[in-house]
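Please work through each task before reading its solution.

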Amino acid sequence: MKNKLVCYFSAAQSEQPIIYRLVKNYDLIVNILKADINPQKEGYLVLELEGDKNSYTEGVAFIKSLGVVVEPLSETIVWQSEVCIQCGACASFCPTEALNIERNSMEISFIDSKCVICGMCLDCCPTRAIQLHFEIKGAV
Amino acid sequence: MAVKKSYEEINEKIKRGEAVVVTAEEVIEIAAEKGYAKAAKEIDVVTTGTFGAMCSSGAFINFGHSNPRIKMKKVWLNGVEAYSGIAAVDAYIGAAQLPDNDPENKVFPGRFSYGGGHVIHDLVARKEIRLEAVGYGTDCYPNQKVDTIITLDDVNDAFLFNPRNAYQNYNCAINLGDKVLYTYMGILKPKVGNASYSSAGQLSPLMNDPYYRTIGVGTRIFLGGGIGYVAWNGTQHHPNVSRGENGVPQTGAGTLSLIGDLKQMDPNWLVGLSFIGYGATMAVGIGIPIPILDEEMLRYTAVKDEDIFCPLVDYNEGYPYSKPMDLGLVNYKDLKSGKILFNGKEVVTTSQSSYPRARRIAEILKEWIQRGQFELTRPVANIPSADDDIIFKSIPERKPGVTYFNGGNRRD
């Protein structure tokens with residue numbers, strides 16, 4: 001199985017070689033998508049973890065046993081209207097019509113609640129007006 | 001009696017604030033309501049607009065001299081190389097140029113996040129730009145290296161000079177293959193999963209003057225948010241193609257070469273673009289005013305999306321390998337509706353050219369003319385039209401012999 005997780009850790013936990021253990025002891029494929037550690041050594045890691053079901057469950061239990069707060073990653077799509085040039089290239093790729101062209105004005109709009117965060121729009125926007133944001137809480 | 005107006009008469013009206021100016025969208029309804037003859041009498045100017053990716057764009061810059069002076073052999077702006085095989089501190093930054101260390105398509109499809117078009121946008125936005133240059137040193141130009149920060153206000157001259165813009169019509173791209181294609185027409189889904197088009201249709205400048213009667217060398221235009229001029233016909237200008245009864249070409253035809261002072265342009269109308277798997281380029285905003293000299297010009301400007309056709313072209317094999325395929329024509333009204341029919345199957349359309357921005361440009365140009373800020377110009381020379389014998393060429397395949405080594409024609 002494969003999942004994206006956010007791991008919030010404190011200064012004491014950041015001293016631990018967590019990634020090394022996940023690879024060595026649990027045979028997990030680890031992909032670090034984003035990481036941030038402040039000068040006090042607190043911070044978060046956004047991980048994609050892949051492995052068989054047992055190793056995955058044990059690996060996640062191991063991180064939690066260290067006191068690291070583990071949460072599934074929530075992602076949001078952000079459409080920056082001020083960067084968008086209204087070319088319309090994204091709309092035909094959006095499966096839920098969250099990005100939609102109003103056919104009289106030919107203007108694009110984005111309805112957040114319709115978005116299923118498939119990410120199809122990210123590749124086809126030539127101004128990169130559409131971005132994927134990870135939702136990260138304040139420091140734990 | 002048939003209406004005739006001269007450029008001088010129209011400009012007099014503009015000066016007095018009495019000119020009747022409408023956009024290329026508005027003229028359609030007026031013509032339908034009043035008829036061509038009456039509309040031609042009433043309307044003096046029709047404004048057009050287009051805003052889309054135009055790779056054949058770039059800017060000439062003169063940086064001024066360093067002390068000691070340098071003859072730049074190579075020059076980079078934010079890591080993107082500009083061509084410097086001209087005078088000492090002159091260079092040309094092209095919109096499609098990539099940074100030397102860009103990963104390109106090594107990991108396919110590449111991202112192409114920054115290129116020459118982004119540099120030009122950043123210059124116009126008055127952002128700080130890193131300027132690096134190297135030279136080999138001469139008696140008159142001893143300096144061999146420059147590494148500094150500049151803005152657009154620091155350079156002597158910067159003018160946009162785009163060799164090919166404002167394509168008169170273009171292909172509608174589809175993918176007959178069974179894998180995704182990453183092209184300059186955007187992402188093309190396999191098995192004709194979408195149809196990608198790139199023209200403002202009824203608003204596009206050359207659609208409204210199909211035989212270039214009023215658009216020629218010297219025509220004053222809206223360019224990148226400022227004022228520019230038509231410098232010449234564009235590269236690949238190919239006017240003698242099949243045309244509809246309204247004179248509008250049914251495939252890519254005429255093009256324009258445009259020039260204008262970058263320092264008076266606006267970053268909203270020159271925007272760097274990244275086409276995944278293809279490269280970097282720039283969206284250029286262009287608006288051209290068309291004087292209604294007579295009823296014929298009014299008829300041309302009243303052209304509607306449903307009467308403008310473009311060819312469906314396969315980008316799996318047809319375009320890249322120049323395989324002739326007749327896949328039919330499609331009109332811009334259908335393209336803009338979001339769906340077209342291909343072989344009885346409904347296909348979603350993907351727009352690459354910004355129609356809302358094209359409309360805005362036509363409106364801005366209209367306001368400039370109405371306020372008396374912008375007068376029309378008669379072309380100082382015409383560009384070749386449909387009856388000129390222009391042949392579209394390809395690179396010849398010949399075997400260079402030893403005498404052609406290093407370009408031939410040695411001077412020892």
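**Exercise 1.** How many residues does the contact take from chain A and from chain B?

*Solution.* The model is predicted: local features need pLDDT of at least 70, side-chain atom pairs count only at pLDDT 80 or more, and totals for chains, interfaces and linings use all residues. Residues are numbered from 1 along each chain as its sequence is written, and chains are lettered from A and ligands numbered from 1 in the order in which they are written. Two residues are in contact if their C-beta atoms, placed from the backbone, lie within 7 Å. By this criterion, chain A contributes 16 residues and chain B contributes 24 residues. The chain A side that touches chain B divides into 7 nonpolar, 5 polar and 4 charged residues. Here Ala, Val, Leu, Ile, Met, Phe, Trp, Tyr, Cys and Pro count as nonpolar, Asp, Glu, Lys and Arg as charged, and the others, Gly among them, as polar.

**Exercise 2.** Describe how helix 2 and helix 3 of chain A cross.

*Solution.* Helices are DSSP runs (H or I, at least four residues), numbered from the N terminus. The axes of helix 2 (residues 18-26) and helix 3 (residues 53-65) of chain A come within 10 Å and cross at roughly 150°. Helix 2 of chain A is therefore roughly antiparallel to helix 3 of chain A, the term for angles over 145 degrees. From helix 2 of chain A, A:Ile18, A:Arg21, A:Leu22 and A:Tyr26 make the contact, and from helix 3 of chain A, A:Ser55, A:Glu58, A:Gly59, A:Phe62 and A:Ile63. These residues comprise 5 nonpolar, 2 polar and 2 charged.

**Exercise 3.** Why is helix 4 of chain B described as largely enclosed?

*Solution.* A residue is buried if 20 or more other C-beta atoms lie within 10 Å of its own. In helix 4 (residues 116-124) of chain B, 9 of the 9 residues are buried, so this helix is largely enclosed by the rest of the structure. Among them are B:His118, B:His121 and B:Asp122. After helix 4 of chain B comes B:Arg126, with a positive phi near 60°.

**Exercise 4.** Is B:Cys310 buried or exposed?

*Solution.* B:Cys310 is placed in strand 21 (residues 309-314) of chain B, a strand being a DSSP run of E of at least two residues. B:Cys310 counts as buried because it has 23 C-beta neighbours inside 10 Å. Leaving aside residues up to four places away in sequence, its contacts include B:Asn169, B:Cys172, B:Tyr197 and B:Val330. B:Gly252 lies 58 residues from B:Cys310 in sequence, and their C-alpha atoms are 8.0 Å apart.

Note on methods. Axes are lines fitted to C-alpha atoms, for helices over the stretch in contact, and angles run from 0 to 180 degrees between N-to-C directions. Angles under 35 degrees count as roughly parallel, over 145 as roughly antiparallel, 65 to 115 as roughly perpendicular and the rest as oblique. A residue is buried if 20 or more other C-beta atoms lie within 10 Å of its own, exposed if 12 or fewer, and partly exposed in between; C-beta atoms are placed from the backbone.
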